[in-house]
Amino acid sequence: MKYDVIVIGGSYSGMAAALQLLRARRSVLIVDAGRRRNRAAAHSHGFLAQDGADPADIARVARKQLEAYATLSWRDGEAVSATGEKDAFEVVLDDRSQHYARRLLLATGVSDRLPNIPGLQDRWGRSVFHCPYCHGYELQLGQIGVIATGPMSIHQAQMLPEWGRVTFFLNGALELDAAAAKDLAGRGVCVEATSIASIEGHADVVLADGRRLPFAGLFTAPRNAPSSLIAQVVGCDLIETPFGTQIGTIDSKETSVRGVYACGDAARSPHSVSLAVGDGAWAGAQLHRSLILPAL
């Protein structure tokens with residue numbers, strides 16, 4: 001069978017895009033590797049009508065709603081190859097099955113490269129976060145730690161006093177100039193230059209000099225990259241952003257390869273569930289438009 005669109009990635013943006021296409025009675029295959037970026041988080045915040053919901057429940061309900069449409073097909077697995085051109089793409093999955101489509105949509109999400117600090121990865125999504133709009137309110141104006149990864153971390157430290165009392169750990173990742181130091185001091189941010197030895201307990205920062213500082217939560221700015229190599233395999237251009245690497249797209253969400261589109265965290269920044277859903281809905285509408293207006 002040749003589908004109108006194969007969506008690679010079955011999380012929030014991919015499903016949002018698929019919904020637009022299914023409601024236009026287009027045939028869609030979603031290929032999902034089952035690695036939602038927020039799979040470690042117990043609650044999703046900042047998404048209208050879903051504030052505080054379990055992100056797994058949001059995904060489960062969304063998939064059930066999509067499955068009500070007769071033109072949906074779903075494969076649990078990973079796309080390992082994608083070749084072809086507009087109106088004639090072939091996607092090969094890890095089970096060696098071959099699938100064909102007129103258009104491709106890459107909604108693979110991203111992987112997060114976190115600072116190499118013992119205990120940090122284990123707390124990612126639970127007491128260590130990247131987005132204050134998603135997780136800041138629940139910290140109840142308590143003590144917040146920000147762990148620097150690079151220059152973007154200064155912006156994070158500037159923002160977070162809205163949500164609590166902030167300590168900014170430079171951790172060897174950057175040096176503050178006089179202007180940045182003055183700005184942070186004016187916001188009440190405490191700057192800590194001693195390196196971090198580990199993260200323990202709920203969100204306790206253990207420093208190299210033996211001090212142990214407890215926090216309600218920690219924030220850091222990971223470097224991101226698409227969680228799958230499929231964009232490179234099909235030949236899409238990647239671009240560098242302050243947040244990491246993402247798939248380059250134009251306003252219609254089409255990539256540098258004609259007929260291949262991309263959306264969600266892998267193709268935009270900053271990141272959140274609500275932004276991913278909106279980006280996916282737009283991509284789905286633009287994909288449908290390209291199917292009925294071939295000159296686009």
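This is a predicted model: local features need pLDDT of at least 70, side-chain atom pairs count only at pLDDT 80 or more; totals for chains, interfaces and linings use all residues.
Residues are numbered from 1 along each chain as its sequence is written, and side-chain values use heavy atoms, without hydrogens or water.

**Exercise 1.** Describe the packing of helix 1 and helix 7.

Solution. 
- Locate them: helix 1 spans residues 12–23 and helix 7 spans residues 273–292. Helices are DSSP runs (H or I, at least four residues).
- Take the geometry: the angle is about 35°, with the axes 7 Å apart. Axes are lines fitted to C-alpha atoms over the stretch in contact, and angles run from 0 to 180 degrees between N-to-C directions.

**Exercise 2.** State whether N224 is buried or exposed, and find its side-chain partner.

Solution. 
- Check accessibility: N224 has a relative accessible area of 7%. That makes N224 buried (under 20%; exposed is over 50%, partly exposed in between; 1.4 Å probe, protein chains only).
- Find the partner: the side chain of N224 makes a polar contact of 2.6 Å with that of D112. The pair must be N or O atoms within 3.5 Å, one able to donate a hydrogen and the other to accept it; sequence-adjacent residues count only if both atoms are side-chain atoms.

**Exercise 3.** Characterise the salt bridge between R102 and D4.

Solution. 
- Apply the rule: a Lys or Arg side-chain nitrogen lies within 4 Å of an Asp or Glu carboxyl oxygen. R102 and D4 meet at 4.0 Å, N to O.

Conventions: Helices (H or I, at least four residues) and strands (E, at least two) are DSSP runs, numbered from the N terminus.
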